[in-house]
Amino acid sequence: MDKSTTGWINGFVGVLIFSGSLPATRAAVADFDPIFVTSARATIAALLGVALLSLFREKRPEKADLWPLFVTAMGVVVGFPLLTALALRHVTSAHSIVFIGLLPLATAIFGVIRGGERMRPLFWLFSVLGSLIVAGFALTQNLSASMTGDLLMFAAVVVCGLGYAEGAQLSRKLGGWQVICWALVLSLPVMLPLTVYIMPGNWSHVGEPAWIGLVYVSLFSMLIGFVFWYRGLAQGGIAAVGQLQLLQPFFGLMLAATLLHEPVGWPMIAVTVAVILCVAGAKRFAR
C-alpha cells in the first residue's frame with residue numbers, strides 16, 4: 001500500500017472520530033460553561049499526552065518547532081474548541097454543518113500557504129463544489145440562525161484550517177501523535193489553572209449527556225482523532241486529504257440512523273453521493 005493511500009485511510013479514520021465532536025460539544029455546553037469545556041478537554045488530553053510522551057521517551061521539540069506548535073495549539077487546542085463551544089450556545093449542531101462544509105476548503109488554502117502544496121485547477125473546482133453542496137444542503141433544512149453563532153463558527157473554521165495545516169506540516173518531522181501531544185503540553189500551563197479556577201462549584205446540575213460529551217471531546221476529539229488525522233494529512237497531503245472532512249456531517253447522520261433509528265431521506269442520500277464524487281474528484285486531481 002503506497003503512502004498516499006495510507007494517508008487517506010488514516011484521514012478517513014480521523015474524520016470518523018471527529019464526526020461526533022460538535023454533537024458531543026453541544027451536549028457538554030448544555031450543563032457546563034463553554035470556557036470550562038474548552039479548558040477541561042485540553043487539560044485532560046494534555047495529561048494523557050504527557051504520559052504518552054514520557055512512556056515513549058520522546059525527544060523535546062527543537063526551538064524552531066515551538067512557533068508551529070504554538071500556532072497548532074492556538075488553532076485546534078484553544079481556538080476551534082472555544083469558538084465552537086461558544087457558537088453552540090447560539091446555534092444547533094446541525095446548523096454548524098454549514099461551516100464544517102467550508103473546513104476542507106480552509107484546510108486546503110492553508111495547506112498551500114503554509115505547506116507549500118500546489119494543486120491542479122480541477123482540484124479546486126471539486127473542493128469548492130463539495131463545500132457548496134454541503135453548505136447549500138444545510139441551508140435548505142430550516143435550521144435556526146444566529147449572527148453571533150455564525151460569526152463564531154466562521155472564525156472557528158479559519159483557525160482550525162490553519163491549525164490543521166500547521167500541525168500536519170510539523171507532523172512530517174515530529175510524527176502525528178507527537179505533534180498533538182506537544183501542542184497540548186504547550187497549552188497545559190494555561191489550561192490547567194483555568195480549569196481549576198472556572199470549574200463548577202456544584203456538580204449536581206450536570207447530567208449524564210454532558211459528562212459523556214465532555215469525555216468524548218477530551219479523549220477522542222482532542223487526542224485520539226488527531227493521531228490519525230495529522231498522520232493522514234502528512235502522508236497524503238494537507239489539501240487533498242483535508243477534503244475528507246466533507247463527509248463528516250454525513251457520518252453523523254449514519255450514526256443517528258443506525259443507533260437512533262432516525263429516518264434518512266432520498267435528498268440526504270443524493271447529497272452524500274454527490275459529496276463522495278467531489279471527494280473522489282479532488283483526490284484524482286490533487287497532484
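Predicted model: local features only at pLDDT ≥ 70, side-chain atom pairs only at ≥ 80, totals over all residues.
1. Leaving aside its neighbours within four places in sequence, with which residues is P68 in contact? P68 is in contact with E166 and L170, where contact means heavy atoms within 4.5 Å. P68 has its place in helix α4; helices (H or I, at least four residues) and strands (E, at least two) are DSSP runs, numbered from the N terminus. At 14% relative accessibility, P68 counts as buried; the term buried stands for under 20% relative accessible area, exposed for over 50%, and partly exposed for values in between (1.4 Å probe, protein chains only).

2. Residues are numbered from 1 along each chain as its sequence is written, and side-chain values use heavy atoms, with hydrogens and water left out.

3. Overall architecture. The protein has 13 helices and zero strands. Read from the N terminus, the elements run α-α-α-α-α-α-α-α-α-α-α-α-α. Among contacts between residues at least 6 apart in sequence, 91% join residues at least 24 apart.

4. Dimensions. The protein has a radius of gyration of 18 Å, which agrees with the value near 19 Å that a compact globule of 287 residues would have. This radius is taken over C-alpha atoms, and the globule rule is 2.2 Å times the number of residues to the power 0.38. Along the principal axes, the C-alpha atoms fill a box of roughly 50 × 45 × 35 Å.

5. Of the 287 residues, 52% count as buried. The protein exposes about 13,100 Å², and carbon and sulfur atoms supply 71% of that area. Accessible areas come from the Shrake-Rupley method with a 1.4 Å probe; for residues, only the protein chains shown count as cover. The mean positions of the 17 positive and 11 negative charges are 11 Å apart. Lys and Arg count as positive and Asp and Glu as negative, whereas His and the chain ends are not counted; the place of a charge is taken as NZ of Lys, CZ of Arg, CG of Asp or CD of Glu.

6. Aromatic pairs. A search of the whole structure finds 15 aromatic pairs. The rings of W203 and W211 form a stacked pair, because their centres are 5.6 Å apart and their planes stand at 25°. Rings of Phe, Tyr and Trp (its six-membered ring) pair if their centres lie within 6.5 Å; planes under 30 degrees apart count as stacked, over 60 as edge-to-face and the rest as tilted. W203 is partly exposed at 33% relative accessibility, and W211 is partly exposed with a relative accessible area of 35%. Elsewhere in the list of ring pairs, F18, Y164, F226, W229 and Y230 are linked into a cluster.

7. Which residues of helix α6 (residues 103–115) are buried? They are L103, P104, L105, A106, T107, A108, F110, G111 and G115. G116 follows α6 and has a positive phi, near 70°. In helix α7 (residues 121–139) lies S131, which is buried with a relative accessible area of 2%. Not counting residues up to four places away in sequence, S131 touches G101, L102, L105 and L246.

8. A loop residue with positive phi. R57 is found in the loop between α3 (34–55) and α4 (66–87). Phi of R57 is near 50°, a positive value in a residue other than glycine. Most residues other than glycine have a negative phi. At 76% relative accessibility, R57 counts as exposed.

9. Helix α2. L22 belongs to helix α2 (residues 21–29) and counts as buried at 7% relative accessibility. Although L22 and A87 are 65 residues apart along the chain, their C-alpha atoms are separated by 10 Å.

10. Helix α13. The C-alpha atoms of P267 and S21, 246 residues apart along the chain, are separated by 24 Å. G281 also lies in helix α13, but is buried, with a relative accessible area of 7%. Between the C-alpha atoms of G281 and W124, 157 residues apart along the chain, the separation is 9.8 Å.
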